[in-house]
Amino acid sequence: YVREQTFGAFGTGEDYLTVAQTIDLGNRRGLHGEAGEARARAAEQDGEAWQLAIAAEVRLRFFDVVYYQARVVVLESWVGHIDQALSIVARREERGDAAPYDRRRLEREQAVARGALETERAALERASAQLLAMLGTATRDLRVAGDLLPEADPHPLSELNSAAAARPDLLAMELRIDAAALDLRAASRWWAPDLRLEAGWKGVDLGPQGRTDGFLLGASLSIPLWDRSSGASRIAEAQAQSARGRRALLESELHGELEGARAEAVSLRRAAEEFREQTTAASSDLVRIASAGYEGGELGLLELLDAYRGTADDSLAALDMELAARRASIDIDRLTGVGLP
């Protein structure tokens with residue numbers, strides 16, 4: 001609405017009420033809108049990529065708890081074996097078959113084993129607290145259950161590469177490339193004018209002569225003779241080139257990391273499985289033979305302690321290998337996004 005007024009004997013008053021619409025003949029605003037939508041979808045994909053990273057971290061912390069729980073069980077068994085050995089020594093000492101040295105040596109071994117056990121219990125408490133921090137719960141008595149060793153070898157490398165192509169961060173980069181291309185198309189249409197259409201009502205107050213009403217129509221073209229959007233074009237080109245380069249680098253890194261991670265996961269899983277099979281029965285037999293032999297006076301204390309310590313070391317080494325295999329498996333899930341919520 002516009003009011004124009006003049007004064008004096010011949011003064012007049014004019015009223016204008018108009019509606020105008022500008023039409024983008026080059027559809028630049030539409031292209032910029034599509035680019036904005038593409039960037040919004042890219043941001044959503046970034047959020048999904050962040051969720052996958054969090055899920056992988058939660059899984060790592062979960063299996064850390066499983067790992068330390070198993071280590072505590074192994075060390076508790078070691079302490080239990082030493083306690084049994086002390087009972088044997090006490091009986092032999094009563095019969096005069098054992099020297100006080102044996103009891104003292106076992107008590108020292110017991111102190112070492114209990115110290116190691118308390119260290120692992122503290123590590124378990126820390127791992128549990130780290131998992132609870134990710135889960136957002138205040139539960140103190142945490143007990144989890146799970147198999148530390150992966151159930152099977154990873155999928156073939158070709159399948160893993162196909163799955164990795166759908167990673168959210170790769171899709172986000174693709175969307176940003178599309179957005180930059182749309183901005184570049186919009187900038188390339190700098191020459192297209194804007195058409196402005198206008199229509200409305202006009203009223204003129206002629207003073208003593210009365211008042212008259214009418215309408216008005218208008219059309220105009222805004223021609224960008226001097227602004228060729230060169231700055232916007234260069235920005236869009238730079239953004240597209242940067243996104244393409246980052247995508248190509250990420251794809252190359254993914255292929256290399258997946259190949260190495262799969263080879264590592266397969267090797268570690270099979271090695272851990274074979275080591276566990278080879279040591280479980282042998283360690284159990286060594287403890288049984290050493291305990292019976294020491295109680296019967298056929299073996300010395302050092303042989304008994306060696307059997308106890310060797311059994312614990314074998315079990316702890318197997319857990320280390322199984323955890324490494326699990327971590328490699330989780331790394332594959334992180335790289336592909338498969339198997340993570």
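**Close-up views of helix packing and nonpolar cores**

**View 1. Helices H1 and H4 are roughly antiparallel to each other.** Angles over 145 degrees count as roughly antiparallel, under 35 as roughly parallel, 65 to 115 as roughly perpendicular and the rest as oblique. In this predicted model, local features need pLDDT of at least 70 and side-chain atom pairs count only at pLDDT 80 or more, whereas totals for chains, interfaces and linings use all residues. Residues are numbered from 1 along each chain as its sequence is written, and side-chain values use heavy atoms, without hydrogens and water. The axes of H1 (residues 28-95) and H4 (residues 168-188) cross at roughly 165° and come within 8 Å. Helices (H or I, at least four residues) and strands (E, at least two) are DSSP runs numbered from the N terminus; axes are lines fitted to C-alpha atoms, for helices over the stretch in contact, with angles from 0 to 180 degrees between N-to-C directions. The contact of H1 with H4 has 15 nonpolar, two polar and 10 charged residues. Here Ala, Val, Leu, Ile, Met, Phe, Trp, Tyr, Cys and Pro count as nonpolar, Asp, Glu, Lys and Arg as charged, and the others, Gly among them, as polar.

**View 2. Helices H1 and H2 are also roughly antiparallel to each other.** Their axes lie 8 Å apart, at an angle of about 160°. The contact of H1 with H2 has 25 nonpolar, four polar and 14 charged residues.

**View 3. The largest nonpolar core has 35 residues.** Such a core is a set of buried Ala, Val, Leu, Ile, Met, Phe, Trp, Tyr and Cys residues joined through side-chain atoms within 4.5 Å. Buried means under 20% relative accessible area, exposed over 50% and partly exposed in between (1.4 Å probe, protein chains only). Among the members that touch the most others are Val65, Trp78 and Leu148. H1 gives the largest share, 15 residues. Leaving aside neighbours within four places in sequence, Leu148 is in contact (heavy atoms within 4.5 Å) with Phe63, Val66, Tyr67, Leu319, Glu322, Leu323 and Arg326. A second, separate core of 12 residues includes Leu160, Ala164, Met173 and Ile332.

**View 4. Met321 is placed in helix H6.** With a relative accessibility of 24%, Met321 counts as partly exposed. Apart from neighbours within four places in sequence, its contacts are Ala271, Ala272 and Phe275. Met321 and Leu268 are 53 residues apart in sequence, and their C-alpha atoms are 6.6 Å apart in space.
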